[in-house]
Amino acid sequence: GRIDAEEEFEDEHHRPLVFRRTRLETKAGKDWTAIEDVRQSAPFEIVEGLDRIGVDVAALDVGLVVVTRESEGVASDVPDRMPEGVAPDTPVRLRVEQVSSVEHAIACGVPVRDADGATTLGAGLGRPLIVTTLEPAEAMRLLAVDHRNTTRAVAILLASGVAAVAIGAAWLVVDAVL
């Protein structure tokens, strides 16, 4: 449904936002480590027709699936934001994830009724709160990007299983005929 908020905030391009997370990360080996993580948010609801449900913005973390704006460089490009001891040639990246109030969203989570009687979606049952502004197929492709090897392995195993069943069925037919 559509995103509805009473108090939005603007980014540097004057877009009305309800959530923005900015992370500055350094790279050590293959891993990126966050050295700065800034979150801005405003309470918002997802509205579909006459139905509406609030979203627990404090629970938004790994379940946020949006197009991430990313910029890469080295530590010497942003020396004022680097902690002491970081080499000037250390790779750094800035990642920005945001949700605009002019977008539509899909959310999956655990509904909880607060003291005022309003229902809010949050994380729970060992799973994160999922919010995406993308179509489901696009969101799945975006989630699979970081897991290409896993996706390939699953496809290979699935094809191998189908081939094994076909070979078994052929063997059964040959055995029955002879």
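Reader: Hi! Quick one to start: is Val-173 buried or exposed?

Author: Val-173 is exposed, because its relative accessible area of 52% is over the 50% cut-off. Bear in mind that this is a predicted model.

Reader: Got it. Which helix is Val-173 found in?

Author: Val-173 belongs to helix α2, residues 148-177.

Reader: And which residues make the nonpolar surface patch there?

Author: Val-173, Val-174, Val-177 and Leu-178 make a nonpolar surface patch of about 460 Å².

Reader: Nice. Let's go inside. Which residues of the largest nonpolar core touch the most other members?

Author: That core has 17 residues, and Phe-44, Leu-64, Val-99, Leu-129 and Val-131 touch the most other members. Strands β3 (16-28) and β5 (44-48) each supply at least two residues of this core.

Reader: What is Val-99 in contact with, leaving aside neighbours within four places in sequence?

Author: Ile-3, Leu-17, Val-18, Phe-19, Leu-64, Val-66 and Thr-133 are its contacts.

Reader: Back to β5, then. How many bridges join β5 to β6?

Author: Five bridges join β5 to β6 (residues 51-55), and the two strands run antiparallel. In that pairing, Phe-44 stands opposite Val-55. The β5 and β6 hairpin has two residues between the strands, and Gly-49 takes a positive phi near 65° there.

Reader: What about β1 and β5, how many bridges there?

Author: Three bridges join β1 (residues 2-4) to β5, again in an antiparallel arrangement. Asp-4 stands opposite Glu-45 of β5.

Reader: Which residue does Asp-4 form a salt bridge with?

Author: Arg-52 is the partner, with the closest N and O atoms 3.3 Å apart. This pair links distant parts of the chain, with Asp-4 in strand β1 and Arg-52 in strand β6, 48 residues apart. Asp-4 is partly exposed at 26% relative accessible area, and Arg-52 is partly exposed at 44%.

Reader: How many salt bridges does the count come to?

Author: The count comes to eleven salt bridges. Among them is the pair of Asp-11 and Arg-15, whose closest N and O atoms are 2.7 Å apart. Asp-11 is buried, with a relative accessible area of 8%, while Arg-15 is partly exposed at 31%.

Reader: And Arg-23 with Glu-97: how far apart are the closest N and O atoms?

Author: Those atoms are 3.3 Å apart. Arg-23 sits in strand β3 and Glu-97 in strand β9 (residues 91-100), 74 residues apart. Why is Arg-23 counted as buried? Because its relative accessibility is 14%, under the 20% cut-off. Glu-97 counts as buried too, at 8%.

Reader: Last one: which residues do salt bridges that share partners join into one network?

Author: Glu-25, Glu-70, Arg-93 and Arg-95 are joined that way.

Key:
Residues are numbered from 1 along each chain as its sequence is written. This is a predicted model: local features need pLDDT of at least 70, side-chain atom pairs count only at pLDDT 80 or more; totals for chains, interfaces and linings use all residues. Side-chain values use heavy atoms; hydrogens and water are left out. A nonpolar core is a set of buried Ala, Val, Leu, Ile, Met, Phe, Trp, Tyr and Cys residues joined through side-chain atoms within 4.5 Å. Buried means under 20% relative accessible area, exposed over 50%, partly exposed in between (1.4 Å probe, protein chains only). Helices (H or I, at least four residues) and strands (E, at least two) are DSSP runs, numbered from the N terminus. Contact means heavy atoms within 4.5 Å. Two strands pair if DSSP finds at least two bridges between them. Patches are made of residues with over 30% relative accessible area and no salt bridge: like charges are joined within 9 Å, nonpolar side chains (Val, Leu, Ile, Met, Phe, Trp, Tyr) within 5 Å. Accessible areas come from the Shrake-Rupley method with a 1.4 Å probe; for residues, only the protein chains shown count as cover. A salt bridge is a side-chain nitrogen of Lys or Arg within 4 Å of a carboxyl oxygen of Asp or Glu.
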